[in-house]
Amino acid sequence: MSEKEVSVRGMPKCGRFWKTPKTKFSSINKTKGLKLSFERKQKLREDIKKTRELSRALINERNAENEARKERRRENIKRRAENQRKSEVVQVIKNPAKIKRMRKKAMRQIEKRDTLNIK
């Protein structure tokens, strides 16, 4: 069979007579796009390059702002912990037997601290 001859097909099994036979994707004729002049291509490339640089700059700026915000938050947390540690009221337990006599609730409130470093 040549390209011009079309085989006669019967009624499709599904009964949908309006359906056309499928063709392979590679057999579809592709249209070649408009040929752009060299200057037009160069201008298009420059525009694309500018937009990419602009978007990169915006992303970098946003990342820098986020990093600064994170750093500030870390510093605030560190400062809060330092202030809390400074404002603690410390009572040294010199007699270890006193710990054994304590109730459970009182034992839960005990925390170890290095009292030499507190200024």
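Reply: Arg45 is partly exposed, with a relative accessible area of 49%; buried means under 20%, exposed over 50% and partly exposed in between, with a 1.4 Å probe and protein chains only. The model is predicted: local features need pLDDT of at least 70, side-chain atom pairs count only at pLDDT 80 or more, and totals for chains, interfaces and linings use all residues. Residues are numbered from 1 along each chain as its sequence is written, and side-chain values use heavy atoms, with hydrogens and water left out.

Me: In which element is the place of Arg45?
Reply: Helices are DSSP runs of H or I with at least four residues, and strands are runs of E with at least two, numbered from the N terminus. The chain has three helices and zero strands. Residues 38-87 form the helix that holds Arg45, namely α1.

Me: What is the radius of gyration of the chain?
Reply: The globule rule, 2.2 Å times the number of residues to the power 0.38, is set against a radius taken over C-alpha atoms. For 119 residues the rule gives 14 Å, and the chain is well over this, so it is more spread out than a compact globule; its radius of gyration is 39 Å.

Me: What percentage of the 119 residues is made up of buried residues?
Reply: The C-alpha trace spans about 110 × 55 × 20 Å along its principal axes. Of the 119 residues in the chain, the buried share is 0%.
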